[in-house]
Amino acid sequence: MGRNDIEDALKKLDRLTQEEARMASAQLLNITNVIDSEVREIVDSVLVVDDRVAGVDDRVAGVDDRVAGVDDRVKDVDDKLVAAIDGAQCIFNQSSNLSNS
């Protein structure tokens, strides 16, 4: 009789241990699903940020093109200014030579 009680207790302990293992597995699966969902949300957010960065990159390229255009115009103005200074110096030199004669 004492032996049956021990065997029954061991069987009950085994069932409880198996049930606890199943419950722990179910909780682990639930936690894994929650983490998976959160990671998917993060991935979606990163993709949105990536798209925004690509848009900014396109706008920066446009600004770069406009700056290059401004640079070309500044060079043109600089060339015209040099030509005007050269022309003024030429006129000044000619008038100086005429007054010295």
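This tour moves from the whole chain to single residues.

**Before you start**

The model is predicted, so local features need pLDDT of at least 70 and side-chain atom pairs count only at pLDDT 80 or more, while totals for chains, interfaces and linings use all residues. Residues are numbered from 1 along each chain as its sequence is written, and side-chain values use heavy atoms, without hydrogens and water.

**Stop 1: the whole chain**

Select the protein chain and colour by secondary structure. Helices (H or I, at least four residues) and strands (E, at least two) are DSSP runs, numbered from the N terminus.

Now turn the chain along its principal axes. The C-alpha atoms fill a box of roughly 145 × 20 × 10 Å.

**Stop 2: the surface**

Show the surface. It comes to about 9300 Å² of accessible area, and 60% of that belongs to carbon and sulfur atoms. These areas come from the Shrake-Rupley method with a 1.4 Å probe; for residues, only the protein chains shown count as cover.

How much of the chain is made up of buried residues? Buried residues are 0% of the 101. Buried means under 20% relative accessible area, exposed over 50%, and partly exposed in between (1.4 Å probe, protein chains only).

**Stop 3: a salt bridge**

Select Asp36 and Arg40. They form a salt bridge, with the closest N and O atoms 2.9 Å apart. The term means a side-chain nitrogen of Lys or Arg within 4 Å of a carboxyl oxygen of Asp or Glu. By this rule the count is one. Both residues lie in helix α1, four residues apart, about one turn of the helix. Asp36 is partly exposed at 33% relative accessibility; Arg40 is exposed at 54%.

**Stop 4: a nonpolar patch**

Select Ile31, Ile35, Val39, Val43 and Leu47. Together they form a nonpolar surface patch with about 430 Å² of accessible area. Patch residues have over 30% relative accessible area and no salt bridge; like charges are joined within 9 Å, nonpolar side chains (Val, Leu, Ile, Met, Phe, Trp, Tyr) within 5 Å. Zoom in on Ile31, in helix α1. Ile31 is partly exposed, at 47%.

**Stop 5: a negative patch**

Select Asp72, Asp76, Asp78 and Asp79. They form a negative surface patch. Asp and Glu count as negative, Lys and Arg as positive; His and the chain ends are not counted. A charge is placed at NZ of Lys, CZ of Arg, CG of Asp or CD of Glu. Asp72 sits in helix α1, residues 2–100. Its relative accessible area is 45%, so Asp72 is partly exposed.

**Stop 6: a distance**

Finish with Ala83 and Gly55. They are 28 residues apart in sequence and 43 Å apart in space, C-alpha to C-alpha.
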